[in-house]
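Trainee: I am new to this structure and would like to understand the words used for it. Could we go through them one by one?

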Amino acid sequence: MNAMPGIFAAATGADSLLERWPILFRDTVAGFFPAPLQWLVGSLISILAIVAIFGGVFAALTLLERKMLGRVQNRPGPNRTGPFGLLQPIADGIKMLTKEDIVPRSADHLLHFLAPVALLAFSILTFAVIPFGRNLVPLELDAAVLYFFAAGAATELAIFMAGWASRNKFSLLAAMRALAQLISYELPLLLSFVPIIMLAGTLSMTGIIDQQAGWNFGFIPKWYIFTPWGFAAFAIFLVAALAESNRSPFDLPEAESELIAGHLTEYSGFKYALFFMAEYFGMIALSGMAITLFLGGWRAPLPFLEFIPSYLWFGAKLLGLLLLFIWIRGTFPRLRMDQLTRLAWKFLVPLALFNLGTAAFWSLTSGWSGPLQLARWGVAIALVVVPFVLLGRGLSRGVAPRTYRFA
Amino acid sequence: MLGSGLLQGLKVTAKNIAGSFHDPERLVTVEYPEQKTKLPENYRNFPFLVSENATDPMGTLRCVACQICEKECPPQCIYIEKSKDKKPDAAGKMQVYPAVFDIDTSVCMSCQICVEVCPFEAIKMDQVFEIATTDRFNALLLDRNQLAKPNSYYHQIHPTEAAEVDGRLLAERKAAEEKAKAAAAAAAAKAAAAAAAPKPVATPTATAGAPGAVAATVSVAKPATPPAAAPVSATPPAAAPAASPAQNAPASDGKAAP
Amino acid sequence: MSNSGLEFPAPVGGSHVAAVHDPFHGDLLEVSMGPHHPSTHGVFRMMVTLDGETIVKLKPVFGYLHRNHEKLGENTSYLASMPYTDRLDYLNSMTNNWAYALAVEKLAGQPVPERAEYLRVILAELTRLLNHVCLAGFLLQDTGASGTPLMYAFREREKILDLFESLSGSRMMCNYQRFGGCRVDASPEWLAGAKHITDNFGRFLDEYEELITGNEILMARTQGVGALSPELAISAGITGPMLRATGVDYDLRKVDAYGVYSRFNFRVPLGDHGDTYDRYMIRVLEMRESITILQQALRDLPAGPIMDPKAKIRGFRPKAGEAYGRIEGPKGEIGFYLISDGSPNPYRYRVRPPSFVNLTVLEDMCLGQTIADAVIILGSVDIVLGEVDR
């Protein structure tokens, strides 16, 4: 909400109309209302924009995912509805809306109904603090990072609700898995970005993005991912984000080969669609978070590309991450529950803690220059790689490719 | 190192994503109603009854209602009733014909056993597969009018096999004719010269197949009798396969070894 | 549920479940997986008793696809049973046909021409490729790989099915072997097609292995899971890749050397652990051996008839006696036992289905493992319900 005029003075394209029109539009519309109501109208416009845009992104994403999975699997994907299957999301939506909503007789009706609603609500809440572009933050909080993860963690509760309320054994198992997964992966997820808060010195999203402004050697952006500890933290964050958003290879709560559809077994029709929507929203929100924390937010990757509006850069980065998620889904088999938790506790958490040390070292040696700069990089990379290799060896003990004999 | 196998996997899938845009080997979908693959010649689906003539299918059915296929059919989907009267077959011989010949295609499993056991080359495998109907019972029970298809159709769907079958039939008929002629003449000097052709040309009779065509070829009888033709009795049903000059097994169809 | 008097066998691997019902563990969860479960490979059903996610009891329930196969065989002629054997293990109709033809040929003392024997070897090895590649795909599907390996596997399988279709007329229900030979001869074009597929299959396997064999997730999921000891495997009558994965060197192609297998040079891969990963890898290695057999067979294929001239199609009545014909099918020893009383129908017709026998040790392999493991253990047993239930 705050204008924060100091931020966008530096960059070149910051003042262009293309860059500022969403804010101008909001302020102009809000200006028609009396002053006491302006904040409300402004918020409502932001909320509407988010729901509309990300609703559309969700629809496009379902199609994109199916298309890309199809391409991974040597088939064209949906291509019957409209040109190139572009109307497929609409057809899916109509199908979902018109399907009968079945609630098991012995289910807890209230919870069964509340679960998808709560899930979707929590997912949308996480969008509130993500900077989608320069000044395009719906809600400027000082502790935005904490808010984001608090809202994000609540989604798992909704999944547990769904599993519990369905009164189905498969759903119950899925609910238990979801809880275990939540507890295991919340920790590496949080630990992975502690170094960033440490170095940025702020919990505010815009503050973190500001810290990533500028260029090394004039063309390498000063994003956190381009530091050894930042890269390690990004990798940990990505793995944990996959697990948090129940994406393959961590989609254990709805492991279709084991638990039929897990917590979704007893859901049909539009409630089922809501679950899907929430899952994709979660994925988008976590990608947005990753972009903010590690990929310089809405900043352009090269100095001469700064004329392109910031929200488009955000969109491009988001698309890239989502494609990565889909690509991963198309490639990997699923982990087992105990392996999933072991990966979190015995690998990701220690690695994230080590990374904290690496970041501390990086922060303490910020004054090193010349040949010392090289030493700084060397030590930091070693601090990342050595624990990774050692912990990885411990994690994959007893698991190795085998040789076979022939009779 | 942990993760190397995962990265390798990602590499393979990336190769496939990229390949699906330019390499037909990596985008193998045939979009069925618009595109169709060519059916192989040997493709089989549901039997049909061969009739010699397209204009009079019921009159020129090769089937003589011997009921061997009915007996051998594994799922018992064939139902035959013999006719009370007799009609002349393609060779002009009086034969029983099927008054009722039903195949329940909802039961039929297209196994081709009926084709193999038929001594008269009267039932063959079709190549239809777009046969979905909205009627579950009557539309799937085919009677002899629906089952009868002309020999020309058979040539169209299984050219190699049909040519071979026609050749075999021609040879059999010739052998039978010669035998009858020899018996009637009862003269040793005359019988020595007469013989049936072992390798008759099949295609001329392919579409005609009318009784007249056979009579015409008989008068042009030529080369040496194959040894197998000697024990042919006057009743074709039982012994005809044994007389088959084809190197292949009696009732096996398809491409015979040359 | 009450557990009085219930005795659970000691788990084979994984965590040890000491007590079945105690105040600490509380009640057990009984889950019915199947018959309409996404990964029970048809209509198989597992009554699984779970402690948390650990299996303490597993009761296989089958028969949902029972079609009276053996009784049908006794009430139809010898020939008419041939298409029914296609439907036993509907992935491998060619090998089923061969096993049945072999049994009848033994019964009737029917010789088979050389070319037919070679064709049978070619088709059986193509079937082995087809079956193993399907298994690899389905196993990965069971581990949750979003269908990608399965689709690659099916892409290759389609090519082999096209070959079968152009030879026998049907993709899966081939009904190709006959007593005393084969039904249709392979044309030079067909043999060229088979050679092309054989030569390219190795490349596909390389890519497939690159995709998945080195994958740490797959290794973690399958290594040490569902281990089967060689002793149990032998005493339970396990055959095929599942037995060889435990390290027992038993391959009917070597032991019986039926057909013309003695003329080919190939190796039998053996595993050391008997776990799911071994079962998967043994199949991959067997595919590579199959490729070498195919190359040799296609090279040496002699000319000549494909059907014994004395073989009878109609009125086939073997003299009274009994015979057991068995071959090394892709899933294990597939055998047909026939008693003839001189009539056109067999007096007794019995199938030894490898899937069914291999399935009998499912509980021993699953105890102590988690429910997610049960799915891939079942996948690695490689069952086809058509054969299990008959």
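Mentor: Let us begin with burial: of the 258 residues of chain B, 39% count as buried. This is a predicted model, in which local features need pLDDT of at least 70, side-chain atom pairs count only at pLDDT 80 or more, and totals for chains, interfaces and linings use all residues. Residues are numbered from 1 along each chain as its sequence is written, while chains are lettered from A and ligands numbered from 1 in the order in which they are written.

Trainee: What makes a residue count as buried?

Mentor: A residue is buried if 20 or more other C-beta atoms, placed from the backbone, lie within 10 Å of its own, exposed if 12 or fewer, and partly exposed in between. In chain B, 39% of the 258 residues count as buried.

Trainee: How many helices and strands does chain B have, and what is counted as one?

Mentor: Helices (H or I, at least four residues) and strands (E, at least two) are DSSP runs, numbered from the N terminus. On that basis chain B has nine helices and six strands.

Trainee: Why are β7 and β9 of chain C said to stand at the edges?

Mentor: Strands pair if DSSP finds at least two bridges between them, and in chain C three strands form an open, antiparallel sheet in the order β7-β8-β9. β7 (321-329) and β9 (346-352) of chain C each have a single partner strand, so one side of each is left without a neighbour in the sheet. The twist from one strand to the next averages 10°.

Trainee: What makes β7(C) and β8(C) a pair?

Mentor: Nine bridges join β7(C) to β8 (residues 332-340) of chain C, antiparallel to it, and the definition asks for at least two. Within this pairing, Glu322(C) stands opposite Ile339(C) in β8(C).

Trainee: Which strand of chain C is joined to β3(A)?

Mentor: Two bridges join β3(A) to strand β6 (residues 269-270) of chain C, and the two run antiparallel. The bridge partner of Arg405(A) in β6(C) is Leu270(C).

Trainee: How many residues of chain B and of chain C take part in their contact?

Mentor: Two residues are in contact if their C-beta atoms, placed from the backbone, lie within 7 Å, and here the contact takes 34 residues from chain B and 33 residues from chain C. On the side of chain B that touches chain C, α1(B) gives the largest share, six residues. By class, that side has 18 nonpolar, 12 polar and four charged residues, where Ala, Val, Leu, Ile, Met, Phe, Trp, Tyr, Cys and Pro count as nonpolar, Asp, Glu, Lys and Arg as charged, and the others, Gly among them, as polar.

Trainee: Which domains does chain A have, and where do their bounds come from?

Mentor: The bounds come from an automatic or database domain assignment, which for chain A gives domain 1 (14-95) and domain 2 (99-346). Their C-alpha centres lie 18 Å apart, and 17 residues of domain 1 are in contact with 17 residues of domain 2. α2(A) gives 11 residues, the largest share of the side of domain 1 that touches domain 2.

Trainee: What is called a nonpolar core?

Mentor: A nonpolar core is a set of buried Ala, Val, Leu, Ile, Met, Phe, Trp, Tyr and Cys residues joined through C-beta atoms within 7 Å. The largest one has 266 residues, and Ala290(A) is among those with the most contacts inside it. Helix α4 (residues 114-142) of chain C gives the largest share of this core, 17 residues.

Key. Axes fitted to C-alpha atoms, helices over the stretch in contact; angles between N-to-C directions.
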